[in-house]
Amino acid sequence: MIRSFDGTTPEIADSAYVDESAVVIGDVVLDAETSVWPGAVLRGDHGRITLREGANVQDNATLHEGTDLGPRTTVGHNAIVHAARTERASLVGMGAIVLDDATVGEGAIVAANSTVTEGTVVPARTLVAGAPADVVKELDEDDRTALAADHYVENARAYAERSEVVERETVRPGETFE
């Protein structure tokens, strides 16, 4: 669902993919080749949310209040990014939380179920984990954060071209749907 709020309508590039079950509201900008997957919520009612080229927000993730995702950033399933910023090719793992005024550096990874607390700066090319998240190790140039985003760019193209909503008859109790 894409809808305006308080007179502001999301700006969505032609090459962006927004799943029909995602919710994109208000002051949201989706650049080229971005994708927003099933159940994700981008609620731009108290500050602009921007997804830069090739960024993706996976199933059931939530973004709110002035969030800015850098190019090729991946936000994993069920993650929350609130009024924070990521830099190029960073990855916010499944179930992770990134809070107000935090920055996730270029090529950095926030491990699944970790919490980046308010105002924290995650250094470039590091892996952080825990609650609160701490640096676990430095990552080398061969780490594959950008590959995750590349996969979602290709997957979004496939979904835009080859998927469709299918209507089905109502199934009554005791009956099966074939």
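This report describes the fold, the strand pairing, the aromatic cluster and selected backbone features of a predicted protein model.

Because the model is predicted, local features are given at pLDDT of at least 70 and side-chain atom pairs at pLDDT 80 or more, while totals for chains, interfaces and linings use all residues. Residues are numbered from 1 along each chain as its sequence is written, and side-chain values use heavy atoms, with hydrogens and water left out.

## Overall architecture

The protein chain contains 1 helix and 20 strands. These elements are DSSP runs, numbered from the N terminus, with helices of type H or I spanning at least four residues and strands of type E at least two. For 178 residues, a compact globule would have a radius of gyration near 16 Å, and the value of 17 Å for the protein chain agrees with this. That radius is taken over C-alpha atoms, and the globule rule is 2.2 Å times the number of residues to the power 0.38. Along the principal axes, the C-alpha atoms fill a box of roughly 55 × 40 × 30 Å.

The accessible surface of the protein chain is about 9500 Å², and carbon and sulfur atoms account for 46% of it; the areas come from the Shrake-Rupley method with a 1.4 Å probe, and for residues only the protein chains shown count as cover. Of the 178 residues, 43% are buried, a class defined by under 20% relative accessible area, against over 50% for exposed and the range in between for partly exposed (1.4 Å probe, protein chains only). Among contacts between residues at least 6 apart in sequence, 10% join residues at least 24 apart, where contact means heavy atoms within 4.5 Å.

Eight strands form an open sheet with mixed pairing, in the order 3-5-7-10-13-16-19-20. Two strands count as paired if DSSP finds at least two bridges between them. The edges are strand 3 (17–18) and strand 20 (133–138), each of which pairs on one side only.

Strand 5 (residues 35–36) runs parallel to strand 7 (residues 56–57), with 2 bridges between them; Ser-35 has Asn-56 of strand 7 as its bridge partner. Strand 19 and strand 20, by contrast, are antiparallel over 5 bridges, and Val-128 stands opposite Val-135 in strand 20. A hairpin of 2 residues joins strand 19 to strand 20. Pro-132 is in the loop between strand 19 (126–130) and strand 20, and the peptide bond joining Ala-131 and Pro-132 is cis, with omega about 5°.

## Aromatic pairs

The model has 4 aromatic pairs. The rule pairs rings of Phe, Tyr and Trp (its six-membered ring) whose centres lie within 6.5 Å; planes under 30 degrees apart are stacked, over 60 edge-to-face and the rest tilted. Two of the pairs involve Trp-37.

| Pair | Centre distance | Plane angle | Class |
|---|---|---|---|
| Tyr-17 and Trp-37 | 5.0 Å | 45° | tilted |
| Trp-37 and Tyr-152 | 5.6 Å | 75° | edge-to-face |

Tyr-17 lies in strand 3 and Trp-37 in the loop between strand 5 and strand 6 (41–51), so their pair ties together parts 20 residues apart in sequence. Tyr-152 belongs to helix 1 (residues 145–162), and its pair with Trp-37 therefore ties together parts 115 residues apart in sequence. Tyr-17 and Trp-37 are both buried, and Tyr-152 is buried as well. Ring pairs link Tyr-17, Trp-37, Tyr-152 and Tyr-159 into a cluster.

Ala-83 has a positive phi of about 55° although it is not a glycine. This residue lies in the loop between strand 11 (80–82) and strand 12 and counts as buried at 15% relative accessibility. Ala-89, also other than glycine, has a positive phi near 55°. Ala-89 is placed in the loop between strand 12 and strand 13 and counts as buried at 11% relative accessibility.

Ser-90 is located in the loop between strand 12 (85–86) and strand 13 (91–92). Its relative accessible area is 0%, so Ser-90 is buried. The side chains of Ser-90 and Thr-73 are joined by a polar contact of 3.2 Å. Such a contact is a pair of N or O atoms within 3.5 Å; within protein, one must be able to donate a hydrogen and the other to accept it, and residues adjacent in sequence count only if both atoms are side-chain atoms. Leaving aside neighbours within four places in sequence, Ser-90 is in contact with Arg-72, Thr-73, Thr-74, Val-104, Gly-105, Gly-107 and Ala-108.
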